[in-house]
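Reader: Could you take me through this structure step by step, giving the terms as they come up?

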Amino acid sequence: MWETLLTILFGTLAGLACGLGFVFYKQGKTNIQLALEKENINRLIEEAKSKQREIVIQAKDEALGFKQEAENELKERRVELQQRESRLQQKEENLEHKLENQERRERNLNDRERDIEKVRLQANELKQRQAYELERVAGLTTEQAKELVIAKIEDDARQYASVRVRKIEEEARERAEEKARKVLSVAVSRIASDYISDAVVTTVPLPSDEMKGRIIGREGRNIRAFEQATGVDLIVDDTPEAVTLSCFDPIRREVARRALTKLVTDGRIHQARIEEAVNKSKQEVEQQLREDGEKAAYEVGVQGIHPELLHLLGKLRYRTSYGQNQLEHVIEASKLAGVIASELGAKVQVAKTAALLHDIGKVIDQDSMEGPHALIGADRIKRFMNAPEVIHAVAAHHSEEDPQSVEAWIVMAADALSGGRPGARREQVETYVKRLTALEELAHSIEGVERCFAIQAGRELRILVRPEIIDDVAAMRMAHELSRRIEETIQYPGQIKVTIIRETRAVDYAK
C-alpha cells in the first residue's frame, strides 16, 4: 500500500518538474529565476522524502497490526479445533457404549428365541398327544371332526341366512311396494289417456268405377308412373268404388294416399299431373311430421329440441307397436315420467325429454345403422343435443346400457307403464300362446320343478317345486334365476311375476 503511494508521489513531482521547466523555457526566464525554482524543487523533494518516511512508518505499523490480528485469529481457531476434537472423541466413546449395549441385547434376544422355540416344540408335541387322545376317545379323525363341525356351522348359517334374507326381502318389498303404489297411483290418476287402435288407411274411395280406368291409364301407363313415383303398390280389384294401397312404409303409403286423393278429386290423371301431386303430397307430409313433433313437445312442456329430432318424433305418428300408436305412447310416457320424477324429487325436464325421445330409434333408417333402437336413438340424439343425462336415459330404457341415474329408471318405468296398461296394446292369439308355452317350458327346464302354470294372461308364472330337493334358500335362488332367464330369452310387455311354492307335509299314523 505504502509503495503504491510513494510511486504516485514521485510521479506527481516528476511531472510537476517537467511542467515547470517547459514553462520557464517557453517564457524565457533568467538564470536567477531558474536557481530559485531549483531551490523550490529541492525543497519539495525533501518534503516528499519526509512524507515518504512517514508513510513507510505508518505502513509498518499497519502491517504489525495485521500480523497481530492474524495470530489472534489463529489461536482462536486452534482452540475451536481442540474443542471439536474433544466432542468427537466423546461421541466415539458414546457410540462404542451403544454398540456394546446392542450386542448384549442381541445375545439376550437369541437366547430368548431359543427358549421360545423349545417351548413351541413342547407345545406342538402336547397338541399332537391331545389330538391323538381325542381321536382315540371319539373314534373320529381330525379331518372328519372338522367336516362335522363345518357342516353343522354351514347348516346353522344357511338357516339363519334364509330367515334373515326372507325377513329383509319382505320388509324391503313392503316398503318398495307401498312407495311404488303411491307414486304410480298419483302418476296414473293424473294421466288419463284413451286408447283407440289406429287402423292405417290403405283404401282410397272413388266416386265411381269409371275412375279406375283413368287411374290405370292407356296400357297401364298411369298406374306404373304412380307406383314408380310413390314406391307403393296400387291394387285395383273388384272392390266397388275403391282401390287399395300396399306398402311396408306407412309414410310412403300416406304420401300415396294424399296424392291419389288429389288426382281423383281433380279428375286429370296423367304422368305430369301424377308427379306434381306426389311432390306436393311429400311436402305436405313432411310439414305435417314437423308439426306433429312440435305439438308433441309443446303438449308435454319440453323445449329446446332440435328440429331434426322433432321431425323424427313426428314420424312416430305412423308407427305402431302391438296396435299402440307410438307418438301417443311417447307423449303419455313423457307425462308419466314427469309426474314420477316430481314425486321422487328427480330432474323433471330430463325425465320428460328422455321419455319423449326414447323411441325415435324406431323411425331411423335401419340400413344406415344397425343395433337396438334404444342405442340408435341415443346416437342420433347425441348429434343434435349436448345432454348426457337424456342420452343415457334413452340408451338404457331397454337395459342395453346399465341404468346409472334415477331419471333412467324413471324412463324405464314410464315406458313399461304406458305399454303395459290394460288395453294399450293388443297381440295375436298365436303370439300370446307361444309366450305362455315358452314360459312353462323355461320353468320345466329347471331341476326340482314338479308343475308350473302361466296364469293371469301370462303376467304370472306359478311354480310348484319338490320340497325334498328344493329348500327355502334354493327356492329364493330359483326365483331370481328364473326371472333373469325370462328377461334374457322372452319378449313380453310389462312385467311377469315369478312365484315359487314349496309345500311340506308331515304324515304319520296312530296305531
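Reader: What share of the contacts in the protein with a separation of 6 or more comes from residues 24 or more positions apart?

Author: This is a predicted model, in which local features need pLDDT of at least 70 and side-chain atom pairs count only at pLDDT 80 or more, while totals for chains, interfaces and linings use all residues. Residues are numbered from 1 along each chain as its sequence is written, and side-chain values use heavy atoms, with hydrogens and water left out. A contact means heavy atoms within 4.5 Å. Among contacts in the protein with a separation of 6 or more, the share from residues 24 or more positions apart is 60%.

Reader: How many of the residues of the protein count as buried, as a percentage?

Author: Relative accessible area, taken with a 1.4 Å probe and protein chains only, sorts residues into buried (under 20%), exposed (over 50%) and partly exposed (in between). Of the 511 residues of the protein, the part that counts as buried is 30%.

Reader: Where is G458, and which residues is it in contact with, leaving aside its neighbours within four places in sequence?

Author: Helices (H or I, at least four residues) and strands (E, at least two) are DSSP runs numbered from the N terminus, and G458 is in the loop between β6 (449-455) and β7 (460-465). G458 counts as buried because its relative accessibility is 3%. R435 is 23 residues from G458 in sequence, with 7.6 Å between their C-alpha atoms. Leaving aside neighbours within four places in sequence, the contacts of G458 are Y432, L436, L439 and I496.

Reader: Is E219 buried or exposed?

Author: Most residues other than glycine have a negative phi. E219, however, has a positive phi near 55°, and its place is in the loop between α4 (210-216) and α5 (221-230). Because its relative accessibility is 64%, E219 counts as exposed.

Reader: Where is E241, and what is its relative accessibility?

Author: E241 is in the loop between β2 (233-235) and β3 (242-246), and its phi is positive, near 55°. E241 counts as partly exposed because its relative accessibility is 41%.

Reader: Which helix gives the most to the lining of the second largest pocket?

Author: The helices α6 (250-266), α7 (271-300) and α8 (307-315) each supply at least two residues of the lining of the second largest pocket. With four residues, the helix that gives the most to this lining is α6.
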